[in-house]
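Welcome! Take a moment to look at the structure below, and then we will walk through some of its parts together.

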Amino acid sequence: MQHDTDASLIGHEYEVEVGPVAHGGHCVARTDSGRVLFVRHALPGERVRARITEGESTSRFLRADAVEILEASKDRVPAPCPFSGPGMCGGCDWQHAKPGAQRRLKGEVIAEQLKRLAGLTPEEAGWDGTVMPAEGDKLPAGEVPAWRTRVQYAVDAEGHAGLRKHRSHEVQVIDHCMIAAPGVTELGIEKREWPTLASIDAIAASGSADRQVILTPKPGARLPIVELDKPVSVMRVGENRRGEKQVHRVHGRPFVRERADERTYRVGEGGFWQVHPQAADTLIKAVMQGLMPRKNDMALDLYCGVGLFAGALGERITDKGAVLGIESSKRAVEDARHNLQDLDRVRIEQGKVEQVLPRTGIDSADIIVLDPPRAGAGKQTVRHLASLGARRIAYVACDPAALARDLAYFAEEGYRPVTLRAFDLFPMTHHVECVAILKPVEKSA
Ligand SMILES: C[S@@+](CC[C@H](N)C(=O)[O-])C[C@H]1O[C@@H](n2cnc3c(N)ncnc32)[C@H](O)[C@@H]1O
């Protein structure tokens, strides 16, 4: 039996004044009785009618969608995508904000996380407070940037391709995704029916003409014959006898080729590559400007993926120096070793940073780049890195909260950020990428 005290509030509506944007991209508001709402599709300063999408009368906070805008912000624009809005596609949650306002709001989230979790003002973090577009991203104002080179389509019960709704397994059927790169759209996935599939990952490399689809069949279903508008390589997701996910090549190359800093990188299924076409070059430039590698440096590239930063470092560390990359994914390590085989100062180790790094016996490094997954590196790894005495550390982060937490750990170990740069590598969404350069705090005599 359900008590009155924990009754579901889903569907209840409140008129609220919308406060600041919070980590995760939702705006904070309060009901008249003081309940905290995280409101999607709203903007700071607006008055909206918010409909509860998650929460009970006893929940600490509720989630809501702005279903009617009673007083609009000057930053609001009509969402260009017909599939974006309350109850629809969960992808682009900031379509209703002008591009400049999107970047300003991302900046406000970074500033808030730095203050709350690392006790740093923007000045103390070496940040001018701006979020820059990716290098070379010169899209005219007002146009929707078609940047997404990798799109994961979900398939509904009738076989129509679409995108997942926000925090839901339901599929929003679409006829095209506005932020998908032209190479993805040209495949025509949405024009066909896929009754035997659960999902389709579509990849259109930006560094080559390679196109790939990774098909996940419904349990027990057969793989369809794939006929798309452009030639693609096809991979299939299955399970081995132990129930572990395995990916097999059906036809074509089992990888796509990408380019960054004038090198070609092979990226196999499951290997990480930045989704925005200008992201890899933008990040390499920011990291190299910050680290300023010297020919004899001992350098580490942690969470190295298919070798993006290790490649850039290996090009610059040419004399008696060395570069060690560490990456947990076996497939990515195979690709990294292939990609960097011409760089004889570069070595790649497979395994988790927190396990492999202590095993290497390395007790000093001159420069370090780390680009961990969303959760960040964590206290143990930060402590280990600080003990290596590097003169500079570049921290690449896709989550400002994880970055701020790790900056606080670095501060405990005597490292502080000297510059921080933020890039809008995910336009139309609340996501943002940061590069912080850290140096040891000089000890006073
Ligand atoms: C954000 S990606 C960065 C990849 C690469 N630096 C790039 O920009 O292309 C993070 C990478 O860390 C790897 N990874 C995740 N957890 C790890 C761990 N504990 N140790 C080592 N690698 C890990 C993932 O497989 C992924 O390739």
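Let's begin with Asp-371, which sits in the loop between strand 19 (367–370) and helix 7 (379–386). Keep in mind that this is a predicted model.

**Asp-371 and the annotated positions**
- Is Asp-371 buried or exposed? Asp-371 counts as buried because it has 23 C-beta neighbours inside 10 Å, and 20 or more are needed for that label.
- Setting aside residues up to four places away in sequence, Asp-371 touches Tyr-303, Phe-309 and Val-396.
- An unreviewed UniProt entry carries the annotation "binding site" for Gln-274, Tyr-303, Glu-327 and Asp-371. Tyr-303, then, is both on that annotated list and among the residues that Asp-371 touches.

**Gln-274**
- You can find Gln-274 in the loop between strand 15 (263–268) and helix 3 (279–291).
- Gln-274 has 25 C-beta neighbours inside 10 Å, so this residue counts as buried.
- Which residues is Gln-274 in contact with, leaving aside its neighbours within four places in sequence? They are Ala-279, Ala-280, Leu-283 and Leu-425.

**Gly-252**
- Gly-252 belongs to the loop between strand 13 (245–251) and strand 14 (255–260).
- This glycine has 16 C-beta neighbours inside 10 Å, and therefore counts as partly exposed.
- Once its neighbours within four places in sequence are left aside, Gly-252 is in contact with Val-232, Ser-233 and Val-234.
- Gly-252 and Leu-385 are 133 residues apart along the chain, and their C-alpha atoms are separated by 41 Å.

- An open sheet is formed by 8 strands, in the order 6-21-22-20-19-16-17-18, with mixed pairing.
- At its edges are strand 6 (131–133) and strand 18 (346–350), each of which pairs on one side only.
- From one strand to the next, the twist averages 20°.
- Strand 17 (residues 322–327) pairs with strand 18 in the parallel sense, over 5 bridges. To see one of the pairings for yourself, find Gly-325, whose bridge partner in strand 18 is Ile-348.
- Strand 17 spans residues 322–327, and Glu-327 is one of the positions in the "binding site" annotation from UniProt.
- Helix 1 (residues 99–118) lies across strand 6, strand 21 (415–424) and strand 22 (433–440). Relative to strand 21, helix 1 runs at about 155°.

Key
Residues numbered from 1 in each chain as written. Predicted model: local features only at pLDDT ≥ 70, side-chain atom pairs only at ≥ 80, totals over all residues. Pairing = 2+ DSSP bridges. Helix = DSSP H or I, 4+ residues; strand = E, 2+ residues; numbered from the N terminus. Axes fitted to C-alpha atoms, helices over the stretch in contact; angles between N-to-C directions. Contact = placed C-beta atoms within 7 Å. Buried ≥ 20, exposed ≤ 12 C-beta atoms within 10 Å, placed from the backbone. UniProt positions renumbered as here; feature names shortened; annotations may be inferred.
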